Amino acid sequence: MRFMVIVKASKEFEAGILPSGELLTAMGKYNEELVKAGVLLAGEGLQPSSKGARVKFSGSKRTVVDGPFAETKELIAGFWLFQVKSKEEAIEWVKRCPDPMEGDLEIEIRQVFEVEDFGENFTPELRKQENRLVEQMAANARR
Amino acid sequence: MLGVTGSDTHKAIDAVWRIESAKLIAGLTRVVRDVGLAEDLAQDALVAALDQWPETGVPNNPGAWLMATAKRRAIDGLRRGKMVERKHEMVARDLETRQEDTVPDLHDAIDDHVGDDLLRLVFISCHPVLSTEARVALTLRLLGGLTTDEIARAFLVAEPTIAQRIVRAKRTLSDANVPFEVPRGPELEARLASVLEVIYLIFNEGYSATAGDDWMRPALCEEALRLGRIVAELVPNEPEVHGLVSLMEIQASRTRARVGPAGEPILLLEQNRARWDHVLIHRGLAALERAERHGERRGKYTLQATIAACHARARTAEETDWTRIVSLYDELSEVTPSPVVELNRAVAFSMAFGPAAGLELVDALAAEPALKSYHLLPSVRGDLLAKLGRAGEARAELERAAALTRNARERDLLLARAARLGEESQAAT
């Protein structure tokens, strides 16, 4: 199963303070360990929200709001995509992560949805519907 | 640890075991010179964890805790002379010649060279003195950290059978006095080939289950991919290991697309490419680049990965570069001549130059003894005949293929296609 491991932002991160060389080394080592264990599928570090934007949806209306955004602790600073056997394995790996930034912060672990996860509620009819949807999306993408 | 129930701790211990067990066993094997004994020591440490951690909580560095516990057992064992006598003598002699105190030396010996030990464990698990079945079971057990029960379920075999197989494999290694080492020079290539073969066997067992109701068992694919990725980092200069990883990543990228709503298989060209996993395709293409960077001539896995990459790069089935695929199959049949490769080449040839040309090649393979009970031969032949409008003959071939396959889902699919052809040929008359 796959988990997205989300590193939340801090005040310093949002202020654009770059990580120290020491932290970069520690993170590099940690990433290497994840690769060597065959766990890391993908991962990226993000720029502060001041370089991002939000598109707000309200009916047919679209409003663009430029960053930065206020709620620092809810913002995302980076993510990994893990392939592991259980949530506990993902937790075990995250516990080994060096402090990603100064001060208190949080890393969130979220399981990626897979079709099998819908269990028996995901009937053959629903599967067909999902297939049609995906096909439609693909057709749209090709246009 | 507040609020953690016993079963939560057990799950956490499972997770720690999965992460640490191979390193633990590898480090211990280096010292005690016996992979079976090393595994017993590691298991003892696991039992101690299961006993203590629900009370104390999982320690901050669980790997170190397990290693320290196993080391203590190893040292106790040495002191009490409880280990296999010969091994004991060897270790003792080795320690004496280094003229160092037994205990700290043992600690140092375990702490060094984690990667080297792991690689030695990979090679010993896939050692040629073992049968292929034994290599597969031992690899999943020692490197994958799977329980005997998990392996048994994955291969649809009774648990005692697997347990027996592992016990016998460990005894064989011990009796043959197989050294715990990384092969060097010309031996390396052959030994590495055995490792890659074992990993790909595990993958294929999951990807295209040879028996039973399930078309695939994704857990085995994931396990093989994990092992492949691990070995790729242990021998990063070997092109074929990246070739194999690339091949598995790209094949696995089609997992979601190759099974239909009722669990029936969907063939490559009919798959909805939007459902392919682009993270895995990306990884597969990156691994292929690594393979190409490190090798001057392409081996069989790199070639197969290159073919798989041709499909992965085509946005639609119609965009597939069949001429290039034919020439890659030409190269592949030089590296590893086999009737199965020829059959695949014939399929590609028919896509590039038409079904009649393909059928000629397939017919030339009909007398091949190795393909006598291979269901894909009549299946491919049936396809080509159908394309040529020879519905009656096509139907007979598909039915023959259905009778030969051991996979229930595939059989249903073949029979359904045969029945459709029957309707069409009736409608035509």
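Predicted model: local features only at pLDDT ≥ 70, side-chain atom pairs only at ≥ 80, totals over all residues.
**Entry 1. Chain A, the open sheet**

I began with the sheet in chain A. It is an open sheet of four strands, in the order β2-β5-β1-β6, and the pairing is antiparallel. I then looked for its edges: β2 (40-45) and β6 (107-111) of chain A each pair on one side only. From one strand to the next I read an average twist of 15°.

I also checked what lies against this sheet. Helix α3 (residues 87-95) of chain A packs on it and touches β1 (2-8), β5 and β6 of chain A. The direction of α3 makes about 160° with that of β6(A).

Next I took the pairing of β2(A) with strand β5 (residues 76-83) of chain A. The two run in the antiparallel sense and share five bridges.

**Entry 2. Chain A, Trp93**

Is A:Trp93 buried or exposed? I placed the residue in helix α3 of chain A. I count A:Trp93 as buried, because 23 other C-beta atoms lie within 10 Å and the cut-off for buried is 20 or more.

I then listed its contacts, leaving out residues up to four places away in sequence. A:Trp93 touches A:Leu34, A:Val39 and A:Phe82. I also looked up A:Glu33, which is 60 residues from A:Trp93 in sequence; the C-alpha atoms of the pair are 9.7 Å apart.

**Entry 3. Chain A, the β3-β4 hairpin**

I moved on to strand β3 (residues 53-58) of chain A, which pairs with β4(A) in the antiparallel sense over six bridges. The two strands form a hairpin with two residues between them. In the turn, A:Gly59 has a positive phi of about 60°.

A:Ala53 is opposite A:Asp66 in β4(A), and A:Arg54 has A:Val65 of β4(A) as its bridge partner.

How many of the six residues of β3(A) are buried? The number is zero, so β3(A) lies largely in the open.

**Entry 4. Chain B, overview**

I then turned to chain B. Its secondary structure comes to 20 helices and zero strands. Of its 429 residues, 45% are buried. Among contacts in chain B with a separation of 6 or more, 63% are between residues 24 or more positions apart.

I noted the domain assignment as domain 1 (1-114), domain 2 (126-177), domain 3 (191-320) and domain 4 (373-429). Taken over C-alpha atoms, the centres of domain 3 and domain 4 of chain B are separated by 27 Å.

How do helix α10 (residues 186-207) and helix α11 (residues 218-234) of chain B lie to each other, and at what angle do they cross? Their axes come within 6 Å and cross at roughly 155°. Angles over 145 degrees count as roughly antiparallel, and α10(B) and α11(B) are therefore roughly antiparallel to each other. The crossing is left-handed. Residues making the contact include B:Val195, B:Ile199 and B:Phe203 of α10(B), and B:Leu220, B:Leu227 and B:Val231 of α11(B).

I followed α11(B) on to helix α12 (residues 239-252) of chain B. These two pack at an angle of about 150°, with their axes 9 Å apart. α11(B) and α12(B) are therefore roughly antiparallel to each other too, and α11(B) passes α12(B) in a left-handed crossing. Among the residues that meet here are B:Cys221, B:Leu225 and B:Arg229 in α11(B), and B:Val241, B:Leu244 and B:Met248 in α12(B). I noted that B:Cys221, B:Ala224, B:Gly228 and B:Val231 of α11(B) are listed in both contacts.

**Entry 5. Chain B, Thr320**

Last, I looked up B:Thr320. It is in the loop between α14 (300-313) and α15 (322-335) of chain B. B:Thr320 is partly exposed, with 19 other C-beta atoms within 10 Å. Leaving aside neighbours within four places in sequence, I found B:Thr320 in contact with B:Cys310, B:His311 and B:Ala314. I also noted B:Ser7, 313 residues from B:Thr320 along the chain, with 51 Å between their C-alpha atoms.

How values were computed:
Residues numbered from 1 in each chain as written. Chains lettered and ligands numbered in written order. Buried ≥ 20, exposed ≤ 12 C-beta atoms within 10 Å, placed from the backbone. Contact = placed C-beta atoms within 7 Å. Domains from an automatic or database assignment. Pairing = 2+ DSSP bridges. Axes fitted to C-alpha atoms, helices over the stretch in contact; angles between N-to-C directions. Parallel < 35°, antiparallel > 145°, perpendicular 65-115°, else oblique. Left-handed = near helix turned anticlockwise from the far one by under 90°.
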